[in-house]
Amino acid sequence: LQAHLLQSQKLEGIGRLAGGVAHDFNNLLTVILGYCELLRMRQRGGTELEEINNAARRASQLTRQLLAFSRRQVLHVETLDLNTLIRGLHRMLRRIVGEDVGLTTHLAEEQLWVVADFGQLEQVLLNLVGNARDAMPAGGSLRIATRIIDRPVHAESSGRPSVELMIQDNGVGMAEEVRSRIFEPFFTTKGDAGTGLGLATVYGIVTQTGGEIECDSAPGAGTTFRVFLPLAQAQREPSAGASVSRHPAHG
Ligand code: ADP
């Protein structure tokens, strides 16, 4: 619990700092990209200009991710069915994993009610699936499964069952030195291609939603992520929900 608290406080601090910097930085990048575009239209600059343009685009992508990570988003928290969310994303997930990866889904028969922000849960899924794809450069198989398990998310909570979301790949896997650091902001093994913010964001969302996340991995064998969320009571009014402003960490 102490470690969770420290991690949350660290994330919040970094989030605030990064958000402030990213916002100003993004404005500057917009100017740089604007002038690049102007020079291109006048057909001046050649390959050097393309390099500048590419670097600025990458920087802009990074700042956008930083902003998404740090933003005090206005969330629409509602009771939603996780299976419906996954079904709705299926085509996009297929496109993300590409043709060399076999994607199978095993969804629980019953509806899996959770109290969460729809967009945030989509982000969790997209990040985990994107990472799995990156871990299988030569193809492989990805399994997404959901079920209800008969134990609460946190040992000390009210005893309600939980919803489990499992995302399993048979990719490169991770050594323990890597696995123990994956939720740290900016930790990446992907060099320039990574930001190290994907799993820090996932961690933030899952804990904010009252859940937990676990990761099992072995080099050469693959990786399994398990997300546990408290099972909620079914909602009679499908559109009921409230917009509340939440902070990344609430202890
Ligand atoms: P990024 O993807 O930008 O590196 P993440 O926070 O999403 O940032 O991931 C951090 C690191 O965790 C990755 O660089 C990678 O080393 C490791 N990782 C995450 N998911 C997997 C996976 N499914 N298989 C192997 N390694 C993974």
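Reader: Which residues of α3 are buried?
Author: Helices (H or I, at least four residues) and strands (E, at least two) are DSSP runs, numbered from the N terminus. A residue is buried if 20 or more other C-beta atoms lie within 10 Å of its own, exposed if 12 or fewer, and partly exposed in between; C-beta atoms are placed from the backbone. In α3, the buried residues are L82, I86 and V97.

Reader: What pLDDT do local features need in this model?
Author: Residues are numbered from 1 along each chain as its sequence is written. The model is predicted: totals for chains, interfaces and linings use all residues, side-chain atom pairs count only at pLDDT 80 or more, and local features need pLDDT of at least 70.

Reader: Where is the kink in α3 centred?
Author: The bend at a residue is the angle between axes fitted to the seven residues ending there and the seven starting there. In α3 the kink is about 55 degrees.

Reader: Which residue follows α3, and what is its phi?
Author: α3 covers residues 82-97. The residue after α3 is G98, with a positive phi, near 80 degrees.

Reader: How is α3 oriented relative to α4?
Author: Axes are lines fitted to C-alpha atoms, for helices over the stretch in contact, and angles run from 0 to 180 degrees between N-to-C directions. α3 and α4 (residues 118-134) pack at about 30 degrees, with axes 10 Å apart. Angles under 35 degrees count as roughly parallel, over 145 as roughly antiparallel, 65 to 115 as roughly perpendicular and the rest as oblique. So α3 and α4 are roughly parallel.

Reader: How many nonpolar, polar and charged residues make the contact of α3 with α4?
Author: Contact requires C-beta atoms, placed from the backbone, within 7 Å. From α3 come L85, I86, L89, L93, I96 and V97; they meet F118, L121, E122, L125, V129, G130 and R133 of α4. Ala, Val, Leu, Ile, Met, Phe, Trp, Tyr, Cys and Pro count as nonpolar, Asp, Glu, Lys and Arg as charged, and the others, Gly among them, as polar. The contact holds 10 nonpolar, 1 polar and 2 charged residues.

Reader: Left-handed or right-handed: what is the crossing of α4 and α6?
Author: A crossing is left-handed if the near helix is turned anticlockwise from the far one by less than a right angle, and right-handed if clockwise. α3 and α4 cross in a right-handed way. α4 and α6 pack at about 145 degrees, their axes 9 Å apart. The crossing of α4 and α6 is left-handed.

Reader: Which classes make up the contact of α4 with α6?
Author: α4 gives Q120, Q123, V124, N127, L128, G130 and N131, and α6 gives G198, L199, T201, V202, I205 and V206. By class, the contact of α4 with α6 has 6 nonpolar, 7 polar and no charged residues.

Reader: Why does Q43 count as exposed?
Author: Q43 sits in the loop between α1 (2-41) and α2 (46-70). Its phi is positive, near 55 degrees, though Q43 is not glycine. Q43 counts as exposed because its C-beta neighbours inside 10 Å number 8.

Reader: Is F186 buried or exposed?
Author: F186 is in the loop between α5 (176-179) and α6 (198-208). Phi of F186 is positive, near 70 degrees, in a residue other than glycine. With 12 C-beta neighbours inside 10 Å, F186 counts as exposed.

Reader: What percentage of the protein's residues count as buried?
Author: The protein has 6 helices and 8 strands. It has 251 residues, and the buried share is 28%.

Key: Contact = placed C-beta atoms within 7 Å.
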